[in-house]
Amino acid sequence: MGGNLSLLVTTLGTDYEIDTKDKILFIEEIEEEISRIDRMMTHLKLSGKLDDCRAVLFGNFDGCENTYDPNYTLDDFLNNFFKDFKKPVITGIECGHKKPDLVTLPLGAECTINIDKNFDNIKIYFKK
């Protein structure tokens, strides 16, 4: 389950709120400041959506920069945000707004993630 971070957070507390219970959560975004991504990710965390999910996949975050401190990148933020998280967090999935290199994830499909012990090989398998 998942989608655009801004839209996911907007639905919290409504009838359209995302169900992350026992799901792999996919998140992507476009043209947002790191400080806004921090606020939205904290909102997801405080709502329990990160506790409920099995893993988090991050797609494209095209144009998401830090104009306040260009040396503090999205990767820096994600490493700090998830430093004590006890579930898989995978970044760099070529999916989201960025084109032309775009993979389609079938949201709602059953899938598994296989990660080797060195994190050198990550595969996502979708059930037919």
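This is a predicted model: local features need pLDDT of at least 70, side-chain atom pairs count only at pLDDT 80 or more; totals for chains, interfaces and linings use all residues.
I'll start with R54 and D22, whose side chains meet in a salt bridge at 3.5 Å, N to O. A salt bridge here is a side-chain nitrogen of Lys or Arg within 4 Å of a carboxyl oxygen of Asp or Glu. This pair links distant parts of the chain: R54 sits in the loop between α3 (49-52) and β3, D22 in the loop between α1 (5-10) and β2, and the two are 32 residues apart. Helices (H or I, at least four residues) and strands (E, at least two) are DSSP runs, numbered from the N terminus.

Residues are numbered from 1 along each chain as its sequence is written, and side-chain values use heavy atoms, with hydrogens and water left out.

Back to the pair. R54 counts as exposed, at 53% relative accessibility, and D22 as partly exposed, at 46%. The cut-offs are under 20% relative accessible area for buried and over 50% for exposed, with partly exposed in between, using a 1.4 Å probe and protein chains only.

How many salt bridges does a search of the whole structure find? The count is four. I'll show two others. K23 and D19 join their side chains in one of them, at 3.3 Å, N to O. K23 is partly exposed, with a relative accessible area of 27%, and D19 is partly exposed too, at 40%. R36 and E32 form another, at 3.3 Å, N to O. R36 is partly exposed at 39% relative accessibility, whereas E32 is buried at 17%.

Next, the largest pocket. About 420 Å³ of space lies in it. On a 1 Å grid over the protein atoms alone, a pocket is an open set of points where a 1.4 Å probe fits, with protein on both sides within 12 Å along at least five of seven lines; lining residues have an atom within 4 Å of a point. Grid points are joined across faces, edges and corners, and the volume is the space filled by probe spheres set on them.

Which residues lie nearest the centre of this pocket? They are K23, I24, A109, E110 and C111, out of 21 lining residues. β2 (24-30), β3 (55-62), β5 (111-115) and β6 (122-126) each supply at least two residues of the lining. β5 gives the largest share, four residues.

By class, the lining has 15 nonpolar, two polar and four charged residues. Nonpolar covers Ala, Val, Leu, Ile, Met, Phe, Trp, Tyr, Cys and Pro; charged covers Asp, Glu, Lys and Arg; the others, Gly among them, are polar.
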